[in-house]
Amino acid sequence: QAGAVVDRVILDKNVVVGERAHIGFGDDYTPNETQPHLTIGLTVVGKNTRLPAGIRVGHNCLISSDIEDESYFATDLIPSGKTIQMA
C-alpha cells in the first residue's frame with residue numbers, strides 16, 4: 001500500500017503490506033532463530049498474510065502464511081532474525 005518499502009523480501013501470493021510499512025528494515029543481519037542458515041538478509045512472508053500499517057520488519061525474518069490478526073504483530077518492530085508463526 002501507499003508509502004510501503006520492501007527490500008530483499010520474498011512475498012508469497014495475496015500478501016498485503018500496509019501503508020508506510022518497511023519490510024527488510026535496518027542494517028542488522030542476525031541469523032533467523034528457527035532457520036539459522038537464513039543469514040543473507042532475505043525476509044520471507046507467507047501467502048495471505050496482512051502486514052499492518054507502519055510495521056518495520058528486519059532482515060532474515062520468517063512470517064508464516066495466513067496471518068491476518070494484528071495481535072501477532074504486538075509491536076511496530078519485528079527485529080532481524082525473528083520468526084512469526086500462527087499458534
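Reader: How many salt bridges does a search of the whole structure find?
Author: In this predicted model, a search of the whole structure finds three salt bridges.

Reader: Which residue does Glu19 pair with, and how far apart are the closest N and O atoms?
Author: Glu19 forms its salt bridge with Arg20, and the closest N and O atoms of that pair are 3.4 Å apart.

Reader: Are those two buried or exposed?
Author: Glu19 counts as partly exposed because its relative accessibility is 36%, whereas Arg20, at 54%, counts as exposed.

Reader: And what does Lys82 pair with?
Author: Lys82 forms a salt bridge with Glu33, again with the closest N and O atoms 3.4 Å apart. This pair links distant parts of the chain, since Lys82 sits in the loop between strand E9 (77-78) and strand E10 (83-84), while Glu33 sits in the loop between strand E4 (22-23) and strand E5 (43-45), 49 residues apart. Lys82 has a relative accessibility of 34% and so counts as partly exposed, and Glu33 is likewise partly exposed, with a relative accessible area of 45%.

Reader: What about Arg56, which residue is its partner?
Author: The partner of Arg56 is Asp76, with the closest N and O atoms 3.8 Å apart.

Reader: Changing topic: where is His59 found?
Author: His59 is in the loop that runs between strand E7 (56-57) and strand E8 (62-63).

Reader: Why does His59 count as buried?
Author: His59 counts as buried because its relative accessibility is 1%, and the cut-off for buried is under 20%.

Reader: What does the His59 side chain reach?
Author: The side chain of His59 reaches the backbone oxygen of Gly26 at 2.8 Å. Not counting residues up to four places away in sequence, His59 also touches a list of residues including Asp7, Phe25, Asp28, Tyr29, Leu42, Thr43 and Ser80.

Reader: Which residues have the most contacts inside the largest nonpolar core?
Author: The largest nonpolar core has 15 residues, and those with the most contacts inside it are Ile23, Leu51, Ile55, Val57, Ile63, Phe73 and Ile78.

Reader: Taking Val57, what is it in contact with?
Author: Leaving aside neighbours within four places in sequence, Val57 is in contact with His22, Ile23, Gly24, Phe25, Thr43, Ile63 and Ile78.

Conventions. Residues are numbered from 1 along each chain as its sequence is written. This is a predicted model: local features need pLDDT of at least 70, side-chain atom pairs count only at pLDDT 80 or more; totals for chains, interfaces and linings use all residues. Side-chain values use heavy atoms; hydrogens and water are left out. A nonpolar core is a set of buried Ala, Val, Leu, Ile, Met, Phe, Trp, Tyr and Cys residues joined through side-chain atoms within 4.5 Å. Buried means under 20% relative accessible area, exposed over 50%, partly exposed in between (1.4 Å probe, protein chains only). Contact means heavy atoms within 4.5 Å. Helices (H or I, at least four residues) and strands (E, at least two) are DSSP runs, numbered from the N terminus. A polar contact is a pair of N or O atoms within 3.5 Å; within protein, one must be able to donate a hydrogen and the other to accept it, and residues adjacent in sequence count only if both atoms are side-chain atoms. A salt bridge is a side-chain nitrogen of Lys or Arg within 4 Å of a carboxyl oxygen of Asp or Glu.
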